[in-house]
Amino acid sequence: MNQLAGLTLYFSYAHYFGDSYLKFKGLHLNPQNNISLEFQTYSSSGLLLYIEQAPATIGRFFIQLFIQHSILQYQFVCDSEADVRSINTMVRVDDGVKYRVHIRQDVVPCEAEVSILGISARASMHSNLWSHPVWSETGPIFLGGLPYQYVTKQMPGSVYNFTGCIQVIEINNLGPFTFSNAVGRSNIDSCRLPISTQISSASPAAFPEKSEVLQSLVPSLNSFALPTTCQESLCHNGGTCRHIYLDNGASSFHCDCQLHFTGHFCEKDTALFFPSFNGDAYLELPSLTSVSETKIESGQEQNRIITIYLTVKTTALNGTILYASEKNFGEQFLHLYLVEGRPTVQFSCGNSHNILTVSVNHSISNGVLTPITISYMLPVGSPGGYCMIEIAAEGNPPVQHQVFLSYQVSQSTFGSTFLGSVPAQAEVPQCAGRIHGYRGCIKDFQVNNKELFIIDEALSGKNIENCNVPVCDYHPCRNGGSCKSLQHF
């Protein structure tokens, strides 16, 4: 390949920054239309491809390929009297891996098929408008997003412009869809395509073997550029920027987003129902002491039991699920975590010399909602009494460990309860063990008889997103309401 040919290939693999787009001339539709493109991103939302009918044409034709909630989706319509049809590929694509997707869009009959990773999904609708001779002309082809004047036309609502790299392989054998052939553009750079990942003869659904870091080849073609290190005001909505180093040694950045915000720059607000933790995320909830609603009064039973119920769905074998410790740097703590898939809990009996540890006798399954119950008891008041910790999972009999204390234990007050991990500034006693970021979802959380709606009760959080499950699994309806999903597949 000569130098000029290589440059053309690079310019066809364009880098988009969340406010970018490329605009190409429209096309004349065939009875069957084929579209193939490659892309890679770390963003959970973004518009990849958008084509609609030209304003002067008869009928209504519209297609768009986009990412929403990290999942690749496609929408189309061929008839002004028909509703938009949706195809949900159920494939998560926000991991920086280079994916290739192939779309077959038939007009007569109106039917679409989307293929990625060897998986195909299809949908169809009735259409009788092909008899109009001018109907086959489309408006412009947009890649990576839409200019401002088009935004109000987007069919699914909150779909943002894309952040990452896109290369069109084919649209009805037209092209090439390079930077120089675009009739409109905004904030476009060029992505470097490593030699080992150049376009091959593999099938459109070939599985990528490794993550390929998004990189720029040439200086930005306008005044904007994606920064590689932290800059002032880079992260929005209170997000915090931190330096990271990629596998190839390059310096980059990551925005840690506050609760209810997500996106590469924390620029998107999100409604949370069922929190998901990525190993670098946490939620802060009120103190276990304040929500247990149990008070010790003079003359009452000295030993009280606090019981905590959680439902988790883990995607990793290790990680901190829950952590709470005594206020003012005391030695009292409670730590629930996974060790090779086995739920384990540590409890301090008032000091660092009496720490109880107990584990269930089996590993819980990845990707399955699993109930976990822990109970703890600490003698308070007069000398003499039992310190106890107990754990059960998946409805199996509980495992318990207790020790008799001959000394008096003063009543302690827990500080905030943390789910998933703890903030960097939190003081964790060395005897509490390592806090390892949890990967997975936490659904239900109850202390004694008080159920906590996790997101509603949260005091703060970092890098929290929604768990990737059907929306009705979030149980978003309150006061006896029932949930019904309106999404079409």
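Predicted model: local features only at pLDDT ≥ 70, side-chain atom pairs only at ≥ 80, totals over all residues.
Me: How much of the chain is buried?
Reply: Buried residues account for 50% of the 489 residues. The cut-off for that label is under 20% relative accessible area.

Me: Why is C266 called buried?
Reply: Buried means under 20% relative accessible area. C266 has 0%, so C266 is buried. Its place is the loop between β17 (261–262) and β18 (268–269).

Me: Why does N172 count as buried?
Reply: The cut-off is under 20%. N172 has 13% relative accessibility, so N172 counts as buried. N172 sits in the loop between β12 (163–171) and β13 (184–186). Its phi is also positive, near 50°, in a residue other than glycine.

Me: How do you know that the peptide bond between V108 and P109 is cis?
Reply: Omega is about -10° there, and the bond joining V108 and P109 is cis. Most peptide bonds are trans. P109 lies in the loop between β8 (99–106) and β9 (110–116).

Me: How many helices and strands does the chain have?
Reply: The chain has 3 helices and 33 strands.

Me: What share of the contacts with a separation of 6 or more comes from residues 24 or more positions apart?
Reply: Such residues account for 69% of those contacts in the chain.

Methods. Residues numbered from 1 in each chain as written. Heavy atoms only, no water. Helix = DSSP H or I, 4+ residues; strand = E, 2+ residues; numbered from the N terminus. Buried < 20%, exposed > 50% of the residue type's maximum accessible area, 1.4 Å probe, protein only. Contact = heavy atoms within 4.5 Å.
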